[in-house]
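Please read them alongside the sequence and coordinates.

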Number of protein chains: 2
Amino acid sequence: MTKFDEATQAIRVDESTYDVCLDPGYAIGGPLNGGYLMAVVLRAVVDSSPFDHPVSTTSQFHRSPAAGPARVVVEQLKAGRTVAFSRATLVQDGVTQIESLVTTATLGDAEPAYADKAGYVMPPPEECLKLPDPKPESNMTLNARMEMRFDPPTVGWLNGEPTGRPESRAYFRMAEPQDPDPYVLALAVDALPPVVFSAGARGWAPTVDLTWHLRALPAPGWLTLIGGGRLISDGWFDEDVEVWDSAGRLVAQSRQLARVGRG
Amino acid sequence: MTKFDEATQAIRVDESTYDVCLDPGYAIGGPLNGGYLMAVVLRAVVDSSPFDHPVSTTSQFHRSPAAGPARVVVEQLKAGRTVAFSRATLVQDGVTQIESLVTTATLGDAEPAYADKAGYVMPPPEECLKLPDPKPESNMTLNARMEMRFDPPTVGWLNGEPTGRPESRAYFRMAEPQDPDPYVLALAVDALPPVVFSAGARGWAPTVDLTWHLRALPAPGWLTLIGGGRLISDGWFDEDVEVWDSAGRLVAQSRQLARVGRG
């Protein structure tokens, strides 16, 4: 069991209740990373489902839970022959932190009937950038959990040279060796710096809601995260992330609606 | 009040309950259209919210409700200064038909800070195709509610000439004159023939879940629906639809996960 597996463990208390312990090692400043929190929720949902994989997850982020004990309350709304529908609530101190709807199913490994291979072509990893370690006082503990190599233009904002477009792209793997699985993918879809940083925005960009789809089980090795957005308007932006595995398959698609930071 | 406004009316019974009457005029064969059902749900959600617009909606389609009376049960999970989170359940005969999470806010009309104008360029409407009226026995009553003009290659499947890619594109407006609003957009994001028809699949392609984001309030006039998909695998496909208004603004983005028909 890796540290990530441990940090996302959900211990069954009864049919609908799971105890979890939110790990301070997944912080991005004050709050814990939303992808990490979704992984915790999904452990409970999948444990309570007759199916193996969270094929679709939507989470509303109501509050930022603190590190420490919390509960996931799962309600199975309907289980059919190939698909089950669940509602899951992450609760801390009796208060809802995250509300989710999750569709579970069991994915096979058949060859796709159709796969769009078109997409952004990343430079090779050796031409991509590792970012400097964050200052300890910034409490970006998440960074030490992941290894990322960034497509250089998309981190130009670090040196005052944003590209002017919402975009963020990187190779990704866990720092502790671990093959990617659906829980790692939940982390990955929310692991990039906000795409709006490349468009010149700065500061905390809170996710309001995030939907992601698991499309295939990822092969071992590096994942490639391709993040972009279509519109920044009225303080809102969309962030789309595609996750490709080392075998060149699209394994996850996400879209989040978030607020532009004021920082 | 248009017929669509009437068909989507939600009458407040108490703080959390709305009576609705599902209109047989929105059928696609046996079932009612998912976009129409979302519009009904959203009427109740917005009525119960302090904010005006459903900026994000995720619906799980558990069952196909019949035309006739039903209820929407809304629970407001959290209302903040700029955003409210709701859960809404469409219930018929005591059984959940559709489960939704909705984020509401009030959108302004400021100029976007960034807008990606890149996208598929449609041929002019006069080069696009109106489809023949469906046979009455097919019970495609929805078709008479909408006017659509299709990008010719994306309806080649009708004559046995699918393009080989998941795609579906059309101009769209209501048959009864009505300016588009968020409820019309809920209909629009699920109005195209399934994108997999262009990839050679046929038959009923049930939506499992659908998430759509309202990005701006649409200008009067035709909407343009650009539908595509990335992967058809293991009986699952994604359908992404962008909705552009007559002023060239991206007004809605949707993604649904659906099952390939066996027909």
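Which residues does His213(B) touch, not counting residues up to four places away in sequence?

1. Basis. This is a predicted model, in which local features need pLDDT of at least 70 and side-chain atom pairs count only at pLDDT 80 or more, while totals for chains, interfaces and linings use all residues. Residues are numbered from 1 along each chain as its sequence is written, chains are lettered from A in the order in which they are written, and side-chain values use heavy atoms, leaving out hydrogens and water.

2. Contacts of His213(B). With contact meaning heavy atoms within 4.5 Å, His213(B) touches Asp209(A), Arg255(A) and Leu257(A) in chain A, and Val55(B), Ser56(B), Val251(B), Ala252(B) and Gln253(B) in chain B.

3. Setting. His213(B) lies in strand β10 of chain B, residues 207–214 (strands are DSSP runs of E, at least two residues, numbered from the N terminus). His213(B) is buried, at 2% relative accessible area (buried means under 20%, with a 1.4 Å probe and protein chains only).

4. Polar contacts. The side chain of His213(B) pairs with that of Asp209(A) at 3.3 Å and with that of Ser56(B) at 3.2 Å. A polar contact here is a pair of N or O atoms within 3.5 Å, one able to donate a hydrogen and the other to accept it.

5. Symmetry. Chain B superposes on chain A by a rotation of 180° with 0.0 Å of shift along the axis, RMSD 0.0 Å (least squares on C-alpha atoms of residues with pLDDT of at least 70 in both). This is the relation of a two-fold axis. Both copies use the same surface, as 100% of the contact residues of chain B recur in chain A.

Key. Helices (H or I, at least four residues) and strands (E, at least two) are DSSP runs, numbered from the N terminus. Buried means under 20% relative accessible area, exposed over 50%, partly exposed in between (1.4 Å probe, protein chains only).
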